[in-house]
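Try each task before you read its solution.

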Amino acid sequence: MGAIDDFYSSMQRARGFARVARYEIVLHPPAGLKLPGGAAYSNDVSIMCDSIMMPGHDLNTSPVKFGTEVERQMVTSHKYEGTIGATFYLDHNLDLKEYFDAWQEQAVSTDRNSVSYYKTNEGDFNYVGSMEIYQLTSMPTTITTITAREDTSGGSGDHRTSKYKHGMEQESYDTHEPIRTYGIRVEEVFPETIAGIEYAYATADEVAKLSVSFQYRKWKEIEPENT
């Protein structure tokens, strides 16, 4: 029982396990990119993210042997592994697909077959943006509002209502507030691959999704603002 108690105490100190279904992404497309719905549409794209892979980090090693010693692996460099794969729910008009199509068009014109420079003469990026990926948790909280309305009475469930003089009413309800516990900022991001969409009559009740692979240069840990 000692090991189980230690494990339980460790999880209590850590406030539980990280859940892979609790995450948030924030996309920052390149400045000047003409997007369907304007720059604010990036918020909708972030909400529509069904899944994403937080990127890894590798250390490159090389074998070294001195005299008769046993060979050892020594670090020679490092790299950021692979691309970032993500899937997004598609909206009715496929505006989300148009969003990524426009981003790719910023990199290479499909009409002229011309590739954009990585940076402008002013030093700004032409077609790369950035991305933030956060691990989320939640904590119970009570939200209270005070409104001016006609006197009422009652309340049920999690709602608790109390009368105030002059028609003021206080209403409280319990909820769970999302908290960012860990985050990374991915730099120089662009959608390298936009996968095709497969249609089939047998999948009439399924929601269409779009798979996107993001290329990037590097990432670094950031301190979440609300921790």
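**Exercise 1. Find which residues aspartate 91 touches, leaving out those up to four places away in sequence, and describe its setting.**

Step 1. Aspartate 91 touches Tyr41, Met48 and Leu96, where contact means heavy atoms within 4.5 Å. This is a predicted model: local features need pLDDT of at least 70, side-chain atom pairs count only at pLDDT 80 or more, and totals for chains, interfaces and linings use all residues. Residues are numbered from 1 along each chain as its sequence is written, and side-chain values use heavy atoms, with hydrogens and water left out.

Step 2. Helices (H or I, at least four residues) and strands (E, at least two) are DSSP runs, numbered from the N terminus.

Step 3. Look for a charged partner. Aspartate 91 is buried but has no salt bridge, and lysine 97, the nearest side chain of opposite charge, is 11 Å away. Buried means under 20% relative accessible area, exposed over 50%, and partly exposed in between (1.4 Å probe, protein chains only). A salt bridge needs a side-chain nitrogen of Lys or Arg within 4 Å of a carboxyl oxygen of Asp or Glu.

Step 4. Turn to the backbone instead. The aspartate 91 side chain reaches the backbone nitrogen of asparagine 93 at 3.2 Å, and one of its polar atoms lies 3.1 Å from the backbone nitrogen of leucine 94.

**Exercise 2. Work out how the aromatic pair of tyrosine 80 and tryptophan 219 is arranged.**

Step 1. Count the pairs: the structure holds 11 aromatic pairs. Rings of Phe, Tyr and Trp (its six-membered ring) pair if their centres lie within 6.5 Å; planes under 30 degrees apart count as stacked, over 60 as edge-to-face and the rest as tilted.

Step 2. Tyrosine 80 and tryptophan 219 are edge-to-face, at 6.0 Å centre to centre with 70 degrees between the planes.

Step 3. Tyrosine 80 sits in the loop between strand 4 (72-79) and strand 5, and tryptophan 219 in strand 10 (residues 218-222), so the pair ties together parts 139 residues apart in sequence.

Step 4. Compare accessibility: tyrosine 80 is partly exposed at 24%, while tryptophan 219 is buried at 15%.

**Exercise 3. Which residues form one aromatic cluster?**

Step 1. The cluster consists of Tyr41, Phe88, Tyr99, Phe100, Trp103 and Phe214.

Step 2. Link back to the first exercise: Tyr41 is also among the residues that aspartate 91 touches.

Key
Lys and Arg count as positive and Asp and Glu as negative; His and the chain ends are not counted. A polar contact is a pair of N or O atoms within 3.5 Å; within protein, one must be able to donate a hydrogen and the other to accept it, and residues adjacent in sequence count only if both atoms are side-chain atoms.
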